[in-house]
Amino acid sequence: MNAFAPVAVPPLVDPFGRAITYVRVSVTDRCDFRCAYCMSEDMNFLPKRDVLSLEEIDRLCSAFIRLGTRKLRITGGEPLVRRDIMTLFASLSRHLESGALEDLTLTTNGSQLARYAAELADRGVRRINVSLDTLDAAKFREITRWGDLDKVLAGLDAATRAGLKVKINVVALKGFNDGEAVSLIEWAHGRGYDLTFIEVMPLGSVEKERFDQYLPLTELRAALEARFTLVPSLYASGGPARYFDVHETGGRLGFITPLTHNFCESCNRVRVTCTGTLYMCLGQEDAADLRAPLRRSPSDDLLESAIRAAIARKPKGHDFLIERTGSHASTGRHMSVTGG
Ligand SMILES: C[S@@+](CC[C@H](N)C(=O)[O-])C[C@H]1O[C@@H](n2cnc3c(N)ncnc32)[C@H](O)[C@@H]1O
Ligand code: SF4
C-alpha cells in the first residue's frame, strides 16, 4: 500500500446499524418571525457568547464531513438573519467542490431570500426548503405574528430566478390551513415547487394547546385523495417524508408524519444547535456538548471523539404523543432551538 495514501476514516454508524450521513446545523436560535406553533411570543434568546462563531460552525461541519456526512442542512431559528451568514456558505462550498459533500442546503422562512438567493446559488446550494403555511396575507401575519407574505413571495421569485429548486414546507394546522391544502398544492406545483405537509410536533411550550393545532396527516391525505390521484413515488429525499406524484398537477407531494407513522428505523441524521449541542434524536433529551471539545483544542481530535461517542448512543427512536390528557411538550426545546 502507498504509505502516503489517505487513511480511511471509519464512518459514523450507530448501534442500530444506521449510517449517519445527514447533519442539520442550527446557526441561530433567533428569528424575524414568531410562528405560533414554533415559538411563544416572548422568547428568551441565548447570550451571544454561548453561540458558536461562524468559524467554529465551519470546523464542526467539516469534522462531520470528514466522518462521512454527505448532506448538510443549515437551519435555525432563521438562518438568513444571522449576521455574515454568507461567509459560512462560502467556506462550506469548498467541500462541494472537493466532492466530499454532496448536498449543501437550507431551511428558511423566505423573508431574506430576495437578498440572498443568487448568492446561495453561487455558493453551490441547489435546492432549498421554504416554510409557508398559507397564501392568505392576513392569515400569514396571524400564524407568523410578524411575517409579511409579499416579502416571502418576492424571495421565492428570486430563488426561481437564481435556479434554486424549491420545496415548500407546510405545517398542517387544524382549522387554520386544512381548507387551503388543495389550493396550496395547485399553487406550488403550478410554480414547479414540491410541497410537503408536516404534522405539528410537541416541541417546547407555546401559547396554544397542541391538541387544538394537531391535524393527523392520515386525515388530510384521505381528504386530498377525494380531489387528487396520489401515486406512491419512488423518490426519496434522504429525509423522513413519504412522497406521492399528483397525477392532476404533475407535481410531487410529501407527508412528514412523526406522529401517525414513526420513521425512525431509517433515520440517518443528527442535529446540532447553535451552541454546539448535538442531539441524536429530535424527540429525545439525550445530547452531547461539542462546544467544549471544539474550544478546548485547535486540533479536531477531541471533537471527533466526542462525535463518535455520541453517535454510539443514538437512541432507537422517538415517541411523540399528543392527547387531551397527556403532557403537551414532549421535550422542553422549541423547534427553533434544535433546528428544524
Ligand atoms: C424551526 S424552522 C427553522 C427554519 C426556518 N426558520 C423556517 O421556518 O423554515 C424549520 C421547520 O420547522 C417547522 N416547525 C417549527 N415548529 C414545529 C413544530 N412544533 N412541529 C412541526 N414543525 C415545526 C417549521 O414550519 C419549519 O418548516
Ligand atoms: S418556524 Fe422558522 S420562521 Fe417560524 S418562528 Fe420558527 S424558526 Fe422562525
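The model described here is a predicted one, and its protein chain holds eleven helices and twelve strands. Of the 340 residues in that chain, 55% count as buried.

**The chain as a whole**

- The accessible surface of the protein chain comes to about 15000 Å², and carbon and sulfur atoms account for 53% of this surface.
- When the contacts in the protein chain with a separation of 6 or more are considered, 73% of them are between residues 24 or more positions apart.

**The sheet**

- Twelve strands make up an open sheet with mixed pairing, and their order across the sheet is β7-β8-β9-β6-β5-β4-β3-β2-β1-β10-β11-β12.
- The edges of this sheet are formed by β7 (230–232) and β12 (287–289), each of which pairs on one side only, and from one strand to the next the twist averages 25 degrees.
- Strand β1 (residues 22–26) is largely enclosed by the rest of the structure, because five of its five residues are buried.
- Both faces of β1 are covered, with Tyr22, Arg24 and Ser26 buried on one side and Val23 and Val25 buried on the other.
- Strands β1 and β2 pair in the parallel sense over five bridges, and within this part of the sheet Val25 stands opposite Ile74 in β2.
- Strand β2 (residues 71–75) also runs parallel to strand β3 (residues 103–108), to which four bridges join it, and here Arg73 stands opposite Thr105 in β3.
- Helix α6 (residues 181–190) packs on the sheet, where it touches β5 (165–172), β6 (194–199), β8 (242–246) and β9 (252–256), and the direction of the helix makes about 145 degrees with that of β6.

- Leaving aside residues up to four places away in sequence, His189 touches Leu195, Val246, Thr249, Gly251, Arg252 and Leu253.

**Ligand 1 and its surroundings**

- Ligand 1 is surrounded by 18 residues, of which the closest are Tyr37, Gly77, Thr108, Ser131 and Met201.
- A nitrogen atom of ligand 1 is 2.9 Å from a polar backbone atom of Gly77, while an oxygen atom of the ligand is 3.2 Å from a polar backbone atom of Thr108.
- At Ser131 the side chain takes part, with one of its N or O atoms 2.5 Å from an oxygen atom of ligand 1.
- Ligand 1 exposes 540 Å² when taken alone, and the protein buries 95% of that area.

Key. Residues numbered from 1 in each chain as written. Chains lettered and ligands numbered in written order. Predicted model: local features only at pLDDT ≥ 70, side-chain atom pairs only at ≥ 80, totals over all residues. Heavy atoms only, no water. Pairing = 2+ DSSP bridges. Helix = DSSP H or I, 4+ residues; strand = E, 2+ residues; numbered from the N terminus. Axes fitted to C-alpha atoms, helices over the stretch in contact; angles between N-to-C directions. Contact = heavy atoms within 4.5 Å. Near = heavy atom within 4 Å. Polar contact = N/O pair within 3.5 Å; in protein donor to acceptor, adjacent residues only side chain to side chain. Areas by Shrake-Rupley, 256 points an atom, 1.4 Å probe, with all protein chains shown as cover. Buried < 20%, exposed > 50% of the residue type's maximum accessible area, 1.4 Å probe, protein only.
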